[in-house]
Amino acid sequence: DQENPGAKWPKTSLAARSTAQPLRPAEASQLIRLCEEHTAALRAAPPLLVDHLLLVAYQQRSLERTQGALRVGFSRPCVPSESYVDPHVAAIVAPSAASRQVYLERTCASGHDIAHYREDHPGWSMVVHVGACYDAYIEPLREAIARALPGRYAWFHDSSLHVTVRGLHEE
């Protein structure tokens, strides 16, 4: 089975476009600039220590509604490596992410708005919940995007913020 595009690299999705209306190229460029500006602070943050993963049965792609989760513990904590960019949602951008042109093209395309992430779409995923440990780094980015692109993004609920380790499919 094929991996969902949003689960191919570790990242935390923070928001999605509030409507199906695609971003204009100038808006996409502004979003990239804001994400790049906030990346330095995030990279200086203490690492997220992971001592368990969650196998989550979700009802929505955003993980804002779930049916339950099974905790899988580790014998000792580990530290994930980098953040990457999701072409359809506001996410922290890392230099090793897809090229700027590809990002602009995908971000400006239609689809993958907030309705896509909040519609009923049950599935399974292996995740690490981010929790409140990065609020001090995420909130300034949210505020900057809200000022620069008012009304263009709907933010996922804080309790749903996670890093997808692997999307799981039924065979």
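1. Two strands count as paired if DSSP finds at least two bridges between them. Helices (H or I, at least four residues) and strands (E, at least two) are DSSP runs numbered from the N terminus. By these terms, strand β2 (residues 50–58) and strand β5 (residues 123–129) run antiparallel and are joined by five bridges. In this pair, Leu55 stands opposite Met126 of β5.

2. This is a predicted model, in which local features need pLDDT of at least 70, side-chain atom pairs count only at pLDDT 80 or more, and totals for chains, interfaces and linings use all residues. Residues are numbered from 1 along each chain as its sequence is written, and side-chain values use heavy atoms, with hydrogens and water left out.

3. The open sheet has four strands in the order β3-β2-β5-β7, with antiparallel pairing. β3 (66–78) and β7 (162–168) are at the edges with a single partner strand each, so one side of each has no neighbour in the sheet. On average, neighbouring strands are turned by 25 degrees against each other, direction ignored; axes are lines fitted to C-alpha atoms, for helices over the stretch in contact, and angles run from 0 to 180 degrees between N-to-C directions.

4. Helix α1 (residues 25–43) packs against helix α4 (residues 135–148) at an angle of about 160 degrees, the axes being 10 Å apart. The two are therefore roughly antiparallel (the term covers angles over 145 degrees; under 35 is roughly parallel, 65 to 115 roughly perpendicular, and the rest oblique).

5. Contact means heavy atoms within 4.5 Å. Residues making the contact include Leu31, Leu34 and His38 of α1 and Tyr137, Leu141 and Ile145 of α4.

6. Confidence is given as pLDDT, the predictor's value for each residue from 0 to 100. The chain has a mean pLDDT of 79, and 74% of its residues reach 70 or more.
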